[in-house]
Amino acid sequence: MKKLTSALLASAVFCTPLMADPVEDTLILNEEITMVTRTAAPAHVSDVLDEVISGWHFRGTETRAMQADDFDNPGMIFVEQAEEVWNTADGSEGKSCSSCHEGTDSMKGVRAVYPKWNEAAGEVRTLEMQVNDCRENRMGAEKWKYTGGDMTNMVALISSVSRGMPVDVAITGPAQSMWEQGKELYYTRTGQLELACASCHEDNYGNMIRADHLSQGQINGFPTYRLKNTKLNSVHARFKGCVRDTRAETFKPGSPEFVALELYVASRGNGLSVEGPSIRN
């Protein structure tokens with residue numbers, strides 16, 4: 001479906017949606033890495049999507065160009081800040097991230113498979129959860145705020161070394177029940193506007209609404225630098241904003257609900273390249 005219902009138009013005070021298909025373009029990072037930004041939909045969403053498309057295709061020419069060059073990508077400033085933190089000892093154990101993991105290249109491939117089931121903890125973990133586990137239990141340091149600057153910067157650094165690698169989030173085995181929870185949340189209408197994630201990002205991607213171009217809501221580019229607030233934004237901060245926009249009571253970042261939703265949404269982008277830190281409106 002590519003048109004909003006009249007009831008939704010009335011309740012959301014949206015302008016009449018105009019079609020604006022995703023642009024035909026190729027993202028080549030730093031003139032070296034050709035990124036997969038659209039590909040056949042993974043089997044578990046092939047009943048609703050023929051292909052999965054990065055949000056990069058729904059941005060303007062200048063924004064797309066900024067992401068293609070690290071010198072122009074403002075998100076890389078925060079990656080550089082995280083590089084310093086990576087090598088700085090913190091906590092009672094006198095350790096830094098590099099004490100255990102050495103260089104940041106050791107994180108290559110990590111972002112591509114998160115969220116993932118952690119056997120020892122018996123739970124699905126996001127990258128943020130894993131970072132805080134390391135800080136608390138290996139470094140003897142205080143946990144970072146889930147959507148705080150230090151955390152988002154570090155996740156951006158970990159993401160940056162996996163750019164170009166395909167997202168490959170596992171949804172079977174012990175992670176499946178949480179994936180199912182995330183799927184239910186994705187399709188559940190909430191708030192005064194009675195909108196679900198799918199209302200915009202599945203039923204209406206490609207439409208122009210309120211001068212913005214609705215994407216599929218893929219999260220392969222997170223953390224993402226938003227021109228709107230001129231900072232890096234985490235996945236759960238974006239989820240919180242989306243739920244708030246439906247005029248519903250939102251979940252907390254790091255909550256089981258948002259972890260489940262992240263697992264499901266991340267899996268919808270399986271096959272796309274890791275892009276973070278990306279640039280969006």
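This is a predicted model: local features need pLDDT of at least 70, side-chain atom pairs count only at pLDDT 80 or more; totals for chains, interfaces and linings use all residues.
Colleague: Let me start with one cysteine: is C134 buried or exposed?

Modeller: A residue counts as buried when its relative accessible area is under 20%. C134 has a relative accessible area of 16%, so C134 is buried. C97 is buried too, with a value of 17%.

Colleague: Thanks! Now the fold as a whole: how many helices and strands does the protein chain have?

Modeller: There are 10 helices and 12 strands. The radius of gyration is 19 Å, close to the 19 Å from the globule rule for 281 residues, so the chain is as compact as a globular protein of that length. Along its principal axes, the C-alpha trace spans about 60 × 40 × 35 Å. Of the 281 residues, 50% count as buried.

Colleague: Let's zoom in on a helix. Which residues of α9 are buried?

Modeller: A general idea first: an α-helix has 3.6 residues a turn, so residues three or four places apart point the same way. In α9, residues 235-245, the buried ones are V235, H236, F239, G241 and V243. Their cover includes β11 (231-233) and α10 (256-268). After α9 comes R247, with a positive phi near 60°.

Colleague: Where does the positive phi of E102 fall, and is E102 buried or exposed?

Modeller: Phi of E102 is near 60°, in a residue other than glycine. E102 lies in the loop between α4 and β6, and at 60% relative accessibility it counts as exposed. E194 also has a positive phi, near 50°. E194 sits in the loop between α7 (176-187) and α8 (197-201) and, at 52% relative accessibility, counts as exposed.

Colleague: And the peptide bonds: which residues does a cis bond with omega about 0° join?

Modeller: Omega is the angle to read here. That cis bond joins Y114 and P115, and P115 is in the loop between α4 (97-101) and β6 (116-118). Another cis peptide bond, with omega about 5°, joins G276 and P277. P277 is in the loop between α10 and β12 (278-280).

Technical notes
Residues are numbered from 1 along each chain as its sequence is written. Side-chain values use heavy atoms; hydrogens and water are left out. Buried means under 20% relative accessible area, exposed over 50%, partly exposed in between (1.4 Å probe, protein chains only). Helices (H or I, at least four residues) and strands (E, at least two) are DSSP runs, numbered from the N terminus. Contact means heavy atoms within 4.5 Å. The radius of gyration is taken over C-alpha atoms; the globule rule is 2.2 Å times the number of residues to the power 0.38.
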